[in-house]
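Biologist: I'd like to learn how to read a protein model, one feature at a time. Could you walk me through this one?

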Amino acid sequence: MTPKEKRTVRIAGIGIAIYLVLFAGVQVWKFTARKHAEYMQLVADAQSLKDEVRRYDDRIAVVKKLMEQFHMDPVSLKKSSVVAEASSAIQKAAQGSGFQVGPVRESPAHNSGKELASIELEGSGPVKGAVGLIYRLEGLGYPLVIDSTQFSSDPMRPGQVKLKLTITILDFDQVQKAGGPHA
């Protein structure tokens, strides 16, 4: 080969090498850019998931606080026995408050579908016992609502009061489905 041909082959070889380097560089650049975009998408998805988990953590904390405050575990409430258990717990709370329980009447729920039953409770005892009973109802662990309260003095025993309570036991499943601002 002549020196001119050698020089042409060298220039062509350098040109082909530059072309291959640029072509390979572009391919590597595209591959890297695609992988970077996938990575950024994964980071965005992870952040979104983290935010969603944080929202649920906040909800869990609120529900846990409410369960501790009201001593209620919705999972343990069985529709078939909740009325009897709640009635028993109310009577035990009354005894624990030093309040004498009289007749207890249970009646079926109204048509609203959000109630399981209604309990009418009558009794007598010291004022402190009556107020203590009302205060203890909140922490019994059942979805109870006091519909009406009637105090009257007991003429047979001075310093004692008669108390008549109407308590509604809510159907926790229906209240939970209805939702609302405090659900």
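Biologist: Let me start with a pair I picked out: in which helix do Asp 51 and Arg 54 lie, and how many residues apart are they?

Modeller: Both sit in helix 1, three residues apart, which is about one turn of the helix. Keep in mind as we go that this is a predicted model. The side chains of Asp 51 and Arg 54 meet in a salt bridge, with 3.1 Å from N to O.

Biologist: How many salt bridges does the count come to?

Modeller: Two. The other pair is Lys 35 and Glu 38, whose side chains meet at 3.7 Å, N to O. Lys 35 and Glu 38 are also in helix 1, three residues apart, again about one turn of the helix.

Biologist: Why is Asp 51 called partly exposed?

Modeller: Read the relative accessible area: under 20% is buried, over 50% is exposed, and partly exposed lies in between. Asp 51 has 29%, so it counts as partly exposed. Arg 54, its partner in the salt bridge, is partly exposed too, with 41%. In the other pair, Lys 35 is partly exposed because its value is 41%, and Glu 38 gets that label at 40%.

Biologist: And Ile 16, is that one buried or exposed?

Modeller: Exposed, because its relative accessibility is 51%. Ile 16 is in helix 1, which covers residues 3–70. Together with Tyr 19, Leu 20 and Phe 23, Ile 16 makes a nonpolar surface patch of about 450 Å².

Biologist: Let's zoom out. How many helices and strands does the chain have?

Modeller: Four helices and four strands. Reading from the N terminus, the order is α-α-β-β-α-β-β-α. For the chain overall, buried residues make up 21% of the 183 residues. The chain exposes about 13300 Å², and carbon and sulfur atoms supply 61% of that.

Biologist: Now the strands. What holds strands together in a sheet?

Modeller: The general idea is that strands of a sheet pair through backbone hydrogen bonds, either parallel or antiparallel. In this model, four strands form an open sheet in the order 1-2-4-3, and the pairing is antiparallel. The edge strands are strand 1 (100–108) and strand 3 (144–153), each pairing on one side only. Neighbouring strands are turned by 15° against each other on average, ignoring direction.

Biologist: How many bridges join strand 1 and strand 2?

Modeller: Seven, in the antiparallel sense. Strand 2 and strand 4 pair over 11 bridges, while strand 3 and strand 4 have nine.

Biologist: Which residues stand opposite each other across these pairs?

Modeller: Take one example from each pairing. Ser 107 stands opposite Ser 118 in strand 2. Ala 117 is opposite Ile 169 in strand 4. Ser 148 faces Thr 166, also in strand 4.

Biologist: Back to Ser 118, then: why is Ser 118 called buried?

Modeller: Its relative accessible area is 9%, so Ser 118 counts as buried. To see what surrounds it, skip the residues up to four places away in sequence and look at what it touches: Arg 105, Glu 106, Ser 107, Pro 108, Thr 166, Ile 167 and Thr 168.

Biologist: Which strand holds Glu 120?

Modeller: Strand 2. At 27% relative accessibility, Glu 120 counts as partly exposed. Leaving aside neighbours within four places in sequence, its contacts are Pro 103, Val 104, Arg 105, Lys 164, Leu 165 and Thr 166.

Biologist: What share of the contacts in the chain joins residues 24 or more positions apart?

Modeller: That share is 63%, counted among contacts with a separation of 6 or more.

Terms used
Residues numbered from 1 in each chain as written. Predicted model: local features only at pLDDT ≥ 70, side-chain atom pairs only at ≥ 80, totals over all residues. Heavy atoms only, no water. Pairing = 2+ DSSP bridges. Helix = DSSP H or I, 4+ residues; strand = E, 2+ residues; numbered from the N terminus. Axes fitted to C-alpha atoms, helices over the stretch in contact; angles between N-to-C directions. Patch = residues over 30% accessible without salt bridge, like charges linked within 9 Å, V, L, I, M, F, W, Y side chains within 5 Å. Areas by Shrake-Rupley, 256 points an atom, 1.4 Å probe, with all protein chains shown as cover. Salt bridge = Lys/Arg side-chain N within 4 Å of Asp/Glu carboxyl O. Buried < 20%, exposed > 50% of the residue type's maximum accessible area, 1.4 Å probe, protein only. Contact = heavy atoms within 4.5 Å.
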